[in-house]
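Here is a short report on one protein chain. Keep the sequence and the 3D view side by side as you read.

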Amino acid sequence: MVKKNAKNKGAQPATIARNKRATFEFRFDEKIEAGLSLMGWEVKSIRAGKINLSESFVQMKNGEAFLHNCTITPLNTASTHVICDPTRPRKLLLNRRELDRLAGQVERQGYAIVPISMYWRKGAWVKVEIGLGKGKKAHDKREDIKQRDWAIEKARMMKK
């Protein structure tokens, strides 16, 4: 839980989970912050850190956006009276203008919508950063690996 503190007002939001594979597999042209419709047991599990974004994706259906394959493992103590589905589709809360623009990009230009990270906003709201981008080719991935290895080697040389 994020502490409410005067020093913390301008700080970055507390990250819950990151989808590191998404930044390796996709080149994002645009990033959007979206709210997430959750049940009570899901919020408790997220606070405990039992979430996985690695294989998740966003799908447009009937003019709405849904987050699929995001696994939220239920807590034994919090979900005794509710039947929990850890991988249920969760509705993303976006404006109509944003939904229409995303749907147009996906249908016409072949973009993919992928969740990048999940974080707390203002201490109580769970937000998802989704990226609108296209998949990288194999040579693009090799270039990223080269740049990352060079940055590590450069840091090693500067340290000596």
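How many disulfides does a search of the whole structure find? The search finds 0.

## Overview

This is a predicted model. The chain holds 4 helices and 9 strands. Read from the N terminus, the elements run β-α-β-α-β-β-β-β-β-α-β-β-α. The C-alpha atoms fill a box of roughly 55 × 45 × 30 Å, taken along the principal axes.

Of the 160 residues in the chain, 34% are buried. The chain exposes about 10700 Å². Carbon and sulfur atoms supply 50% of that area. Residues 24 or more positions apart account for 68% of them.

## The cysteines

A disulfide is a covalent bond between the sulfur atoms of two cysteines. Start with Cys70. Its closest cysteine sulfur is in Cys84, 14 Å away, so the two are too far apart for a bond. The cut-off for a disulfide is 2.5 Å between the sulfur atoms. From the side of Cys84, the closest cysteine sulfur is the one in Cys70, again at 14 Å and too far for a bond.

Cys84 has a relative accessible area of 22%, so Cys84 is partly exposed. The cut-off for buried is under 20%.

## Helix 3

Helix 3 covers residues 96–109. After the helix comes Gly110, whose phi is positive, near 75°.

Which residues of helix 3 are buried? They are Glu98, Leu99, Leu102, Ala103 and Gly104. What covers them includes strand 2 (26–36), strand 4 (57–61) and strand 5 (64–68). Strand 8 (112–121) and strand 9 (125–135) are also part of the cover.

Asp100 lies in helix 3 as well. Its relative accessible area is 46%, so Asp100 is partly exposed.

## Two asparagines with positive phi

Asn62 lies in the loop between strand 4 and strand 5. Its phi is near 55°, a positive value in a residue other than glycine. With a relative accessible area of 75%, Asn62 is exposed.

Asn69 lies in the loop between strand 5 and strand 6 (71–72). Its phi is also positive, near 60°, and this residue too is not a glycine. Asn69 has a relative accessible area of 36%, so Asn69 is partly exposed.

Gln59 is found in strand 4. At 37% relative accessibility, Gln59 counts as partly exposed. What does Gln59 touch, not counting residues up to four places away in sequence? Its contacts are Glu64, Ala65, Phe66 and His68. Now look at Leu92. Gln59 and Leu92 are 33 residues apart along the chain, and their C-alpha atoms are separated by 9.9 Å.

Thr23 lies in helix 1 (residues 20–25). Its relative accessible area is 36%, so Thr23 is partly exposed. Leaving out residues up to four places away in sequence, Thr23 touches Phe28, Ile116 and Lys136. Ala124 is 101 residues from Thr23 along the chain, and the C-alpha atoms of the pair are separated by 26 Å.

Terms used
Residues are numbered from 1 along each chain as its sequence is written. This is a predicted model: local features need pLDDT of at least 70, side-chain atom pairs count only at pLDDT 80 or more; totals for chains, interfaces and linings use all residues. Side-chain values use heavy atoms; hydrogens and water are left out. Buried means under 20% relative accessible area, exposed over 50%, partly exposed in between (1.4 Å probe, protein chains only). Contact means heavy atoms within 4.5 Å. Accessible areas come from the Shrake-Rupley method with a 1.4 Å probe; for residues, only the protein chains shown count as cover. The expected span of a helix is 1.5 Å times one less than its number of residues.
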